Amino acid sequence: MKLNAAALAALLLLQGAVAQTSAGLSADLRLMPSYGGALLTGRIRVSGADELMGVWSSLGRARLMKCSPRCKVVQSLPITGSVILSGNSGYRVVLGGRFKAGQKVSLVLRFRQGVALSQTANVGR
């Protein structure tokens, strides 16, 4: 079986992401419906320091926001050890779309170190 260069690079990146994911990257996430979308809540843990570069769902890319003193969209969220995401925290992740209580949404989180974490989040009430 022959692999082209792009497929081989993707395969190696995926294998590296899986190996790094098992070495200290975890997330406990939920979605809370809000006007026009849902707010991602929970905790993301990394080993060391990293940055969350993006969050994607089947509905598209989420907005990463820094909310201190006012909310503004940013390109990445710094994480040192762990970060708590909520409506009251300094950082928020917001997904647009329609969400129903009890729905399960698949999310992909991408970090600066090249690691991708696939996670399922339940939509709360």
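Is Glu51 buried, partly exposed or exposed? In this predicted model, Glu51 counts as partly exposed, at 23% relative accessibility; buried means under 20% relative accessible area, exposed over 50%, and partly exposed in between (1.4 Å probe, protein chains only). Local features need pLDDT of at least 70 and side-chain atom pairs count only at pLDDT 80 or more, while totals for chains, interfaces and linings use all residues. Residues are numbered from 1 along each chain as its sequence is written, and side-chain values use heavy atoms, with hydrogens and water left out.

The protein chain has a mean pLDDT of 82, where pLDDT is the predictor's confidence in each residue, from 0 to 100. Of its residues, 82% reach 70 or more. Over residues 1-22 pLDDT stays under 50, and for this stretch the model has 11 contacts beyond four places in sequence; a contact means heavy atoms within 4.5 Å.

The structure holds 2 salt bridges, each defined as a side-chain nitrogen of Lys or Arg within 4 Å of a carboxyl oxygen of Asp or Glu. Side chains of opposite charge can pair when their charged atoms come close. In another salt bridge, Glu51 pairs with Arg112, and the closest N and O atoms are 2.9 Å apart. Because Glu51 lies in strand 2 and Arg112 in the loop between strand 8 (104-111) and strand 9 (116-123), this pair ties together parts that are 61 residues apart in sequence. Strands (E, at least two residues) and helices (H or I, at least four) are DSSP runs, numbered from the N terminus. Arg112 is partly exposed, with a relative accessible area of 48%.

Strand 2 (residues 37-57) also contains Ser57. Ser57 is buried, with a relative accessible area of 12%. Leaving aside residues up to four places away in sequence, Ser57 touches Leu95, Val105, Ser106 and Leu107.

The count of disulfides, pairs of cysteine sulfur atoms within 2.5 Å, comes to 1. Cys67 is joined to Cys71, with an S to S distance of 2.0 Å. The link is right-handed, with 110 degrees about the S-S bond. Cys67 counts as buried at 12% relative accessibility, whereas Cys71 counts as partly exposed at 39%. Pro69 is placed in the loop between strand 4 (63-67) and strand 5 (71-73). The peptide bond from Ser68 to Pro69 is cis, with omega near 0 degrees.
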